Amino acid sequence: MNLLINSPYWGVFSALMAAFCWSVAVIIFKSASKFLSPLLIVVLKNSIAVFCFIVFFLIFDIPFWVSGLTQIDYYKIIISGVLGMGIADILFISALSKIGASRVAIINCFEPGVVYFFSIILLGSFLTAVQFLGFFIVIFSLLIIAYEKDDLEINPKIKNKGMLIQILAVVLSSFGIVLIKPVLLKLNLSISHQLWATFFRLLPGFIFTWFLFLFQKNKHQLLAPLKIKSVVFKIIIASGLGTFLALSFWIMGYASIKKPPVASVLGQTSVLFIIVLSYFFLHEKISKTKLVAMMFAVCGVFFIVLN
């Protein structure tokens with residue numbers, strides 16, 4: 001299995017597969033968010049993914065612990081997991097339920113710029129003038145979405161709140177993934193080690209979200225929609241695609257591609273998948289404003305990784 005890593009296209013393939021699997025999962029999660037709270041969705045998807053990883057590790061004899069890392073490395077993975085698989089995911093599902101899949105997808109194009117910002121602070125990488133231009137183009141695309149005249153489609157207050165929530169989710173998840181980049185570089189010669197890192201990063205998010213859920217006073221009321229079989233089916237499929245497959249491909253791609261923003265921009269191809277899928281399956285309108293914003297966002301992202 002490790003022979004795949006030697007392919008020059010393995011990192012690109014992994015990042016694109018992550019984008020596609022995640023896009024399909026987002027559409028299903030959006031549908032499920034009509035019945036389930038964001039916290040419960042994250043609890044369920046993390047739990048299902050943990051189960052999938054355990055079964056997968058047992059079948060393919062992948063170790064549940066990887067030694068050789070420093071104590072700080074393990075702490076970094078834990079912090080990244082709480083931020084990315086816990087807090088950021090809850091914020092993401094909340095934003096998804098408020099403003100829809102297509103708007104969330106466009107806002108996610110902000111991620112490569114944020115990744116670059118944290119790369120400067122944590123990894124010592126610096127932006128060129130062209131990359132700064134790309135960063136501001138992406139910000140401009142966010143402003144286009146913010147000032148889109150869609151009052152009849154969505155309450156302006158709800159849209160603004162949802163956008164802010166999603167931007168915060170992007171910031172937290174970007175910080176978390178840049179934080180563990182040095183750790184992933186130590187594991188980039190073994191797919192089994194990369195999968196272990198994915199699993200180990202998921203565990204803190206799993207524990208954190210369950211901790212929050214158990215202290216909810218209305219947890220029995222939140223669980224009531226799970227009596228609907230179609231809702232349970234959606235969560236299982238979306239969790240398998242999004243949290244198990246997409247997350248695994250994303251970590252493997254991120255570990256195999258040397259420059260973090262390049263991996264990030266490949267991940268942003270999900271914006272194209274999500275907008276098309278949301279049109280056909282969620283019946284979200286693709287307005288001219290959204291198309292313009294999407295074009296600016298994608299253009300900005302490519303400027304960011306141009307050098």
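**Entry 1: charges**

I looked up the charges: the mean positions of the 23 positive and 9 negative charges of the protein lie 4 Å apart. For this count I took Lys and Arg as positive and Asp and Glu as negative, leaving out His and the chain ends. Each charge was placed at NZ of Lys, CZ of Arg, CG of Asp or CD of Glu.

A note to myself on the source: this is a predicted model, where local features need pLDDT of at least 70 and side-chain atom pairs count only at pLDDT 80 or more, while totals for chains, interfaces and linings use all residues. Residues are numbered from 1 along each chain as its sequence is written, and side-chain values use heavy atoms, with hydrogens and water left out.

**Entry 2: overall build**

I went through the secondary structure and found 14 helices and zero strands. Helices here are DSSP runs of H or I with at least four residues, strands are runs of E with at least two, and numbering starts at the N terminus.

Next I checked the dimensions. The C-alpha trace spans about 55 × 55 × 30 Å along its principal axes. The radius of gyration is 19 Å, which agrees with the value near 19 Å for a compact globule of 307 residues. That radius is taken over C-alpha atoms, and the globule rule is 2.2 Å times the number of residues to the power 0.38.

Of the 307 residues, 54% count as buried. Buried means under 20% relative accessible area, exposed means over 50%, and partly exposed is in between.

Contacts came last in this entry. Among those between residues at least 6 apart in sequence, 86% join residues at least 24 apart. A contact is a pair of heavy atoms within 4.5 Å.

**Entry 3: the core and F29**

Which residues have the most contacts inside the largest nonpolar core? I found F29, L96, I106, W196 and I235, in a core of 94 residues. The largest share of this core, 12 residues, comes from helix α3 (residues 71-99). Such a core is a set of buried Ala, Val, Leu, Ile, Met, Phe, Trp, Tyr and Cys residues joined through side-chain atoms within 4.5 Å.

Not counting residues up to four places away in sequence, F29 touches W22, I41, K45, I93, L96, I235, A238 and S239.

A246 is buried, at 4% relative accessible area. Setting aside residues up to four places away in sequence, I see A246 touching A18, C21, W22 and L241.

Is F233 buried or exposed? With a relative accessible area of 54%, F233 is exposed. F233 and G11 are 222 residues apart in sequence and 31 Å apart in space, C-alpha to C-alpha.

**Entry 4: helix α1 and the segment before it**

I found S31 in helix α1 (residues 10-32). S31 counts as buried at 15% relative accessibility. Leaving aside neighbours within four places in sequence, S31 is in contact with K234 and L282.

Y9 lies in the segment before α1 and counts as exposed at 63% relative accessibility. I noted that the C-alpha atoms of Y9 and S256, 247 residues apart along the chain, are separated by 9.4 Å.

**Entry 5: P204**

P204 lies in helix α9 (residues 191-214). I had it down as buried, at 12% relative accessible area. Apart from neighbours within four places in sequence, P204 is in contact with I78, G81 and V82. From P204 to I79 I get 7.8 Å, C-alpha to C-alpha, for residues 125 apart in sequence.

**Entry 6: positive phi**

D61 is not a glycine, yet it has a positive phi of about 55°. I located D61 in the loop between α2 (38-59) and α3, where D61 counts as exposed at 69% relative accessibility.

H283, also not a glycine, has a positive phi of about 60°. H283 is in the loop between α13 (270-281) and α14 (288-304), and is exposed with a relative accessible area of 66%.

Key:
Buried means under 20% relative accessible area, exposed over 50%, partly exposed in between (1.4 Å probe, protein chains only).
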